[in-house]
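This briefing accompanies the sequence and structure shown below. The points that follow are grouped by topic.

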Amino acid sequence: MASSRAILCIHGSGSSPLIFGFQLSSFRAAWKDEFDFVYATAPHVSDAGPEVLPFFKGVEPYFTWFRDEAEPTKEKVAAFNASIRETTDNWAKTNPQSRIVGVLGFSQGALAATVLLWQQQMGRVPWLPKLDFGVLICSGFNYAATQFMRDGSRSTEEGDEDAILIRVPTVHLHGRQDWAHKYSKKMLATHYSPKHATVIEFEGQHECPRKLEVIRKVTEHIATYSKGEVNEIIS
């Protein structure tokens, strides 16, 4: 059954919408009556990313949002924005009954979602459907992206550090055995308002959680956000 709400899905580095759809299979099953899943494709072809091989060998091409090349961060973000806009515009045209209301990102996709949420907060992406919440899974951290947000916040009345704090309600899923756990925690501490962020740790590595208990917790928090209630909860 088609939903009246949709969630924008941003895959990790060296991945693809096809792979991400498989990684999100438990979320898709649990939310089949709650959300349509809208998958964006990163702008750059790349090698396979972390934890992609060997399981997804043979399902090329793989894509990345931000290349490691010596390219200004502003241009990297512009390429990312163009891909996201193409996805959201196409969805709005072909599915006018289903409005994108949130974003879900994994690994580098969670970093990309952070940049997107910050841009929304700063009024930089008027074409973007209003994102009421975010779900960030095993997020990465990037100093250049943080500096980009700091530089873009200097014209505000707030201090740089306050202006880069995202105040949209978010759920952060951290794998306890994830090699990137420290980066996920740094992303949380640097860019998310404690009042609006919920952390859920799960037994797992650099992966999308599959246990229904974890997904149930995420679902409950999203339902709470829909009612306008925001609390900081560490699970």
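How far apart are the mean positions of the positive and negative charges of the protein chain? In this predicted model, the mean positions of the 25 positive and 27 negative charges are 2 Å apart. The secondary structure of the chain consists of eight helices and eight strands. With a radius of gyration of 17 Å, close to the 18 Å that the globule rule gives for 235 residues, the protein chain is therefore as compact as a globular protein of that length.

**Overall dimensions and surface**
- The C-alpha trace of the protein chain spans about 45 × 40 × 40 Å along its principal axes.

**Burial and contacts**
- Among the 235 residues of the protein chain, 52% count as buried.
- Of the contacts with a separation of 6 or more, 79% are between residues 24 or more positions apart.

**Nonpolar cores**
- The largest nonpolar core has 40 residues, of which L8, I10, W65, F80, I84, L116 and Y192 touch the most other members.
- Elements that give two or more residues to this core include the strands β1 (5–10), β2 (36–40), β5 (99–106) and β8 (197–202), together with the helices α3 (73–94), α4 (108–121), α5 (143–153) and α7 (181–191).
- The most residues in this core come from α4, which gives eight.
- Another core, of 25 residues, lies apart from the largest one and has V135, V171, C208 and I215 among its members.

Methods
Residues are numbered from 1 along each chain as its sequence is written. This is a predicted model: local features need pLDDT of at least 70, side-chain atom pairs count only at pLDDT 80 or more; totals for chains, interfaces and linings use all residues. Side-chain values use heavy atoms; hydrogens and water are left out. Helices (H or I, at least four residues) and strands (E, at least two) are DSSP runs, numbered from the N terminus. The radius of gyration is taken over C-alpha atoms; the globule rule is 2.2 Å times the number of residues to the power 0.38. Buried means under 20% relative accessible area, exposed over 50%, partly exposed in between (1.4 Å probe, protein chains only). Contact means heavy atoms within 4.5 Å. Lys and Arg count as positive and Asp and Glu as negative; His and the chain ends are not counted. The place of a charge is taken as NZ of Lys, CZ of Arg, CG of Asp or CD of Glu. A nonpolar core is a set of buried Ala, Val, Leu, Ile, Met, Phe, Trp, Tyr and Cys residues joined through side-chain atoms within 4.5 Å.
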